[in-house]
Amino acid sequence: MQARQRLPLAQHLYNGACAAARSPLAAAAAPPPALPGGSPLPRRLYGGAAMLRPLRRLSRPPRRAAATGPGRRLLLSTPIFYANGPPHIGHLYSALLADALHRHRRLRGAGPGRLSTGTDEHGLKIQQAAAAAGTSPPELCERVSSLFHQALTHAAVSFTDFTRTSEPRHQRAVRYFWGALRDGGALYKGSYEGWYCTPEECFLPESQLTEHRDAQGRPCKVSLETGHQVHWTKEENYMFRLSAFQDPLRKWLRDNPQAISPHPFYQRVLHWLEEDLPDLSVSRERSRLQWGIPVPSDSTQTIYVWVDALVNYLSVVGYPETHGEWWPAVHHVVGKDILKFHAVYWPALLMAAGLAPPERILVHSHWTVHGQKMSKSLGNVIDPFACIGQYTVDGFRYFLLRQGVPERDCDYYDEKVVKVVNSELADALGGLLNRSTALSINPSNTYPCFSESCFPKVLDYRETKGMGRASAEDYEFVASVASLPLQVANYFEGFQIYKALECIVLCVRQTNSFFQRHRPWKLNRKDPAEQLWLDTIIHVTLECLRVYGTLLQPVIPHTADRLLSRLAVEPEERGLSSLTFLARYNGKSCPFEGRQLGPDTGILFHRLEKSRHCTDLQT
C-alpha cells in the first residue's frame, strides 16, 4: 500500500506547511516545499496553495474540554454496524457491553447519558451486495437497518440514538468535517495504489497478507486476519496526512494511559505508532464507488466509507453546532478488528479538524463457534433472534456478558449457554429467592426483623464465640456482600463486566451456603429465641437478594425487576445511592423491615432445555 511518489519524510512537508502558516499571503505565492537535497516537491502531489494548507495544532493534541464531576454528561457508543447482512452475536455483544455500561452509569445517578448505535450504509460492499440481491442500495439498507434495530430492541438494548449514515443530518456533518480537514491543510490529492479488501473496505499492507488459492485453484492474496481476498487497485484519491500526526498520537496516549482498555490493546496501539505511519487514502473514485457521499467540490470522488462512518459519533451529538455539549466526553465500545480505525485514524482525523480525541476506547475480542470463526460458508453464524427465542432475553444477555472476556476471543456453544444460565440464574439466584420467600419458611410473607442479639456487630469476626448465633463464616460472608457494590462499580469502570458478574455469583453461592448452613426450616417457631434467629436468617438473605437484584439490573433488567418487585423494593429504591446493606447491623433503621413482600409471580427464572442450535436461520 503506497502513494506513488509520496514524500519519504512526511514530517518535512509538515514543517513546510507550518512555516507557510506564519505568512498566509506569502504561502499563496511561495514555491512548493523542497525535499531534502533541494529538489522541489512535484506540484501534482503538492497541489499548490489551493490544496496544501497549513496544518494547525499538530505539536500537541487539542485541549480537552473539562468534563468531570458527578453530574457530567457522557456518550457511550457502539460501532455502527455494516448494513450488508443481518446481525449476529458479535454485533449483539458490542451493543450489550455498551448497554450494560450505560445502565450501570444510570444506576449510579452519574448525570446525563446517551447510548448511540446504528448502521453504516455506504461503501462498495453494500453496492455489490445490493447488485447481487437484485435490489438497490437504499432498499437493501432499509431492510438490513430495520433488522439491526429490531435485534437491539428485542435484546433490551437501551439505546437513545440510532444513527443511519444515509440520513441527511449525518451527511451534512460529514461534508462539514471534510471541509474542516481541507481547511486545516490535512488533505492532498495523490495517486494511490495497493491491495484493497472490499469486505473490510480498506487497503492492506503487504505485511498483513498471505498467499492463498481461490475457489478455482488460482493463486491470490488474502488478509492474514480475516482470510478475505484482496485486489491490486490504483486510483487518484484524496490523501490524509496521517504521518504528520504520529507524535501527537503518541503524546495523547502517553498522557492518557486509560484512553484504550484493556491494557493489551493500549500496548498494541503504541506499537503501531512506533512503526511507519503512512498517509491514508480518504476517498475513492466516483466511477468505482457511487454509493457514498460525494467529496464536496469534487464530483469525481466519493468520501471513503470509514471517514463517513466515524463521523457518526459527531453527527449524533449535533455536529457542527451543538456537539460541544457532549464532545469529547465519549466512550467508544469497539471490536478489536476495527481498533486501528478508532485508535489511530479517528483521533488523528479529529485533531486535524480541531477536535479532541474521545475520552476512552473500550475494546473487545471476538466470539468463535466451537473453536471456529463465524462464517456463512461454514453455516455457523449465530442468529441472535433464535438465541433470544430459545434462551430468553435475560438468559442470553447474561451468558454473553458473563462469558465474554474483552482481552481474548471467547467460544460459543449451545451447551455452555444452558449450563451457565441454569446453574447461575435458575438454580443459584432463583432457587435462593424461592427458598427464602416460601410460605413454609416465611408464612407472614413479610421482610422480617433483624436481631442484633443474634447477629451482633463485632470488630473482629474471628472472635465471635458466645456473642450470638452468627459464626465467623457468617461475618466473613456478610463482609463480602457489603463490599460487593464497590467491587462491581470498579469492574464496570475497568471494562471487566464479566468479573463483576463473577463476584456477584460467588456471593450468591455464599448466601445459599449461609441459608443451608443454618437450616431455618428446622428452627422451632414457638421458641422466641429461635424465632428471632429464623427472622434474622431470612432478613440477611433478603438483604443479599436485594443487593444482587440491584446490581444485576444493567445485565438482566427483566429478571432483576421481578426479583426486586418480589422483595417490594420500590422503583425509587433501586439505585446505588440508596443501596444500604444490613442497616440494622450498623445500628441504623431499615425501611424494609415489616414491609409486606410483593406478589409471588412464580419461578424467577425457568431452567433452559437444549432443543436446537442457534445457527443462522435467516435467508
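I started with helix H21 (residues 557-566). Its buried residues are Pro 557, Thr 559, Ala 560, Leu 563, Leu 564 and Arg 566. I took buried as under 20% relative accessible area, with a 1.4 Å probe and protein chains only. Helices and strands are DSSP runs, H or I of at least four residues and E of at least two, numbered from the N terminus.

This is a predicted model, where local features need pLDDT of at least 70, side-chain atom pairs count only at pLDDT 80 or more, and totals for chains, interfaces and linings use all residues. Residues are numbered from 1 along each chain as its sequence is written, and side-chain values use heavy atoms, without hydrogens and water.

I then checked what covers the buried residues of H21: the cover includes helix H5 (89-108), H15, H16 and helix H20 (528-551). Contact here means heavy atoms within 4.5 Å. Just after H21, I noted a positive phi of about 65° at Ala 568.

Next, the pair H15 and H16. Helix H15 (residues 393-403) packs on helix H16 (residues 414-437) at about 100°, with the axes 10 Å apart. H15 is therefore roughly perpendicular to H16 (the class spans 65 to 115 degrees). H15 brings Asp 394, Gly 395, Tyr 398, Phe 399, Arg 402 and Gln 403 to the contact, and H16 brings Lys 416, Val 417, Val 420, Val 421, Glu 424 and Leu 425.

Last, the sheet. I found an open sheet of 3 strands, ordered E19-E18-E20, with mixed pairing. Pairing needs at least two DSSP bridges between two strands. Strand E19 (372-373) and strand E20 (410-412) are the edges. Strand E18 (residues 367-369) pairs with E20 in the parallel sense over 3 bridges. Val 369 stands opposite Tyr 412 in E20.

Notes: Axes fitted to C-alpha atoms, helices over the stretch in contact; angles between N-to-C directions. Parallel < 35°, antiparallel > 145°, perpendicular 65-115°, else oblique. Buried < 20%, exposed > 50% of the residue type's maximum accessible area, 1.4 Å probe, protein only.
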